Amino acid sequence: MAFNITYISINQSKTYGYISLLSDDEMLDAALILGASLRNTLTSYPLNILTLSDVSMNARKQLLNSNSGIISLIDVKQLEYRFNTLSMNTSRNIVCGFNKLHLWNLVNYTKLIYLDIDTMVVQNIDDLFEKPELNAALDIGGVVNTGVFVAQSLLKTFNDMMLLYKMSSSSYNRDDQRFINWYFTNRSNSKIHYLPLEYNRISWHKDYQIWDEVQAQAKIIHFAGKSKPWSFFYMPHRNWERNIEGQLFYKWKQMFEIVQKTIKQKG
């Protein structure tokens, strides 16, 4: 399947928007593809990327030059991680993941769709803006996966989250997914709603009985795990066979080649 990049007019209304998080240049290629994939599915809304200070000026330039106005960058400060990273096997991804909580402070938006930077949209998903907070797909262990979810920006929610985040508590168990699940189960007036798996199609869904149906109807591909289309061939990763998907990785590479040509043309 070949990808043709289509340039569209983005709805500039500060009501709805997509949101993601980029902590450094390592995931730049993934960010480029996320923006291109949203644009290619003819979304009506912009993609806002929360960027930490480790994202270089060159990376920022590439993001702004590659997606014809769909991307906006929002600088945020790294939230202090409340656990001792020396006493446990804590990846940078877990430490930085809590910064997605900043999205509840973007009060110019009434509704946001959060997408992990390692997702790729393959069908239009603007219908998600009509769903309530918090909406996400189930993950292993009976919790929802916070790689894709519907959120409503609200300063009251943000301040409450920050108060709890700064407290010495084990409730959120060291990563953003457990914290968000805990928060919307125990603290928020909103309850958790469940998206169909096609909105967050992860490689380990291969273990599910409904895999064929999810595969055919997938709207968002989530390259979760350590094996990524942009890095899997550099070194062996744990659970390689579980996470690797040649066909989808090839689709990602196709789109990346198109994006790279666009960047070179714009200088």
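**Figure 1. Close-up of helices α1 and α2, where α1 passes α2 in a right-handed crossing.** A crossing is called right-handed if the near helix is turned clockwise from the far one by less than a right angle, and left-handed if anticlockwise. This is a predicted model, in which local features need pLDDT of at least 70 and side-chain atom pairs count only at pLDDT 80 or more, whereas totals for chains, interfaces and linings use all residues. Residues are numbered from 1 along each chain as its sequence is written, and side-chain values use heavy atoms, with hydrogens and water left out. Helices (H or I, at least four residues) and strands (E, at least two) are DSSP runs numbered from the N terminus. The axes of α1 and of α2 (residues 57–66) come within 10 Å and cross at roughly 15°, which makes α1 roughly parallel to α2. Axes here are lines fitted to C-alpha atoms, for helices over the stretch in contact, with angles running from 0 to 180 degrees between N-to-C directions; angles under 35 degrees count as roughly parallel, over 145 as roughly antiparallel, 65 to 115 as roughly perpendicular and the rest as oblique. Leu28, Ala31, Leu32 and Arg39 of α1 make the contact with Ala59, Gln62, Leu63 and Ser66 of α2, contact meaning heavy atoms within 4.5 Å.

**Figure 2. The open sheet of 7 strands, in the order β3-β2-β1-β4-β7-β6-β8.** Its pairing is mixed, two strands being paired if DSSP finds at least two bridges between them. The edge strands are β3 (71–75) and β8, each of which pairs on one side only. From one strand to the next, the twist averages 35°. Helix α2 packs on the sheet, touching β1, β2 and β3, and its direction makes about 150° with that of β3.

**Figure 3. Strand β2 and its parallel neighbour β1.** The two strands are joined by 5 bridges, and Ser20 stands opposite Ile49 in β2. Strand β2 is mostly covered, with 5 of its 5 residues buried, that is, under 20% relative accessible area, where exposed means over 50% and partly exposed in between (1.4 Å probe, protein chains only).

**Figure 4. Strand β6 with its partners β7 and β8.** Strands β6 (residues 135–138) and β7 (residues 144–151) pair in the antiparallel sense over 3 bridges, and the bridge partner of Ala136 in β7 is Phe149. They form a hairpin with 5 residues between them, and in the turn Gly141 has a positive phi of about 95°. With β8 (residues 193–195), by contrast, β6 pairs in the parallel sense over 3 bridges; here Asn135 stands opposite His193, and Ala137 has Leu195 as its bridge partner.

**Figure 5. Aromatic pairs and an aromatic cluster.** A search of the whole structure finds 14 aromatic pairs, counted where rings of Phe, Tyr and Trp (its six-membered ring) have centres within 6.5 Å, with planes under 30 degrees apart called stacked, over 60 edge-to-face and the rest tilted. The rings of Tyr16 and Tyr45 have centres 5.5 Å apart and planes at 65°, so this pair is edge-to-face. Because Tyr16 lies in strand β1 (residues 16–22) and Tyr45 in the loop between α1 (28–40) and β2 (47–51), the pair ties together parts that are 29 residues apart in sequence. Tyr45 is buried, with a relative accessible area of 16%. Tyr183 and Phe184 also form an edge-to-face pair, at 5.3 Å centre to centre and 75° between the planes, and both residues are buried. One aromatic cluster is formed by Phe98, Trp104, Tyr114, Phe149, Phe179, Trp182, Tyr183 and Phe184.

Figure 6. Most residues other than glycine have a negative phi, and most peptide bonds are trans.
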